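Thank you all for making the time this morning.

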Amino acid sequence: MADVVQFSYQLLDPVTQLINAVALNLPGLVGAILLIIAGYMLGVLVGILVNKLLEKLKFDSWVAKIGDGHPLGKLTVAELGGRLAKWYIFIAFLASAANIIQLGVVASLLTEFALWAPHLLMAVVIMAIGLIVAEFGAQEVSGTKFHSSKRLGSVVKAFIVLFFA
C-alpha cells in the first residue's frame, strides 16, 4: 500500500508543480500580454499622428518637387516617419513586457535594442535625406547642357549616396 501512495505522489507531484508554476506566473503573463497589446495600439496611434503631422507639413510634396522619381521608392516621407515611430514605441513596450514575465536575457536584449533604436532611426532619416539630396543633385547636373550630363548626374547621385551611407 505504501508503494501505491509513493507512486501516486511521484506521479502527481510534477503535475502539482506545473499547476503551481502556471498559477504563480499567470498574472504576469496576462499583464505582459495586455502591455504588448497596449504598446502596439499606442504605437499605431502615434504612427498615425506622425504620419498626419508630416503630411500637414507637406514633406511629401516638397520631396516630389525635387525630382520626377521619388527617392524613397513607393514609400512617402510621412509613411516612413509613421512606421518608424510605431515600431519604436512597440519595441519599448515589448521590452517592458519581457521584464514583467521575468525573461531576463530577452528583456535585456530588447532593452538594449530600444536604447539603440534612436540611433537606427537617425540613420534612416539621414539616409532618406541623402537619397533626396542625391536625387536633387543628379537632376541639377543632368539639366545642364553638357554632352554627358545624364551620365555625370548618375555619378553625382552615386557619390552623394555613398557620402550619406
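Does tryptophan 87 count as buried, partly exposed or exposed, and at what relative accessibility? Before I answer, note that this is a predicted model, in which local features need pLDDT of at least 70, side-chain atom pairs count only at pLDDT 80 or more, and totals for chains, interfaces and linings use all residues. Residues are numbered from 1 along each chain as its sequence is written, and side-chain values use heavy atoms, with hydrogens and water left out.

Tryptophan 87 counts as partly exposed, because its relative accessibility is 41%, where buried means under 20% relative accessible area, exposed means over 50% and partly exposed is in between, with a 1.4 Å probe and protein chains only.

The structure holds four aromatic pairs; rings of Phe, Tyr and Trp (its six-membered ring) pair if their centres lie within 6.5 Å, and planes under 30 degrees apart count as stacked, over 60 as edge-to-face and the rest as tilted. One of them joins tyrosine 40 and phenylalanine 90 edge-to-face, at 5.6 Å centre to centre with 85° between the planes. That pair links distant parts of the chain, since tyrosine 40 is in helix 1 (residues 2-56) and phenylalanine 90 in helix 3 (residues 77-100), 50 residues apart, helices being DSSP runs of H or I with at least four residues, numbered from the N terminus. Phenylalanine 90 counts as buried at 15% relative accessibility.

Tryptophan 87 and phenylalanine 90 also pair edge-to-face, at 5.5 Å, and ring pairs link Tyr40, Trp87 and Phe90 into a cluster.

Conventions
Helix = DSSP H or I, 4+ residues; strand = E, 2+ residues; numbered from the N terminus.
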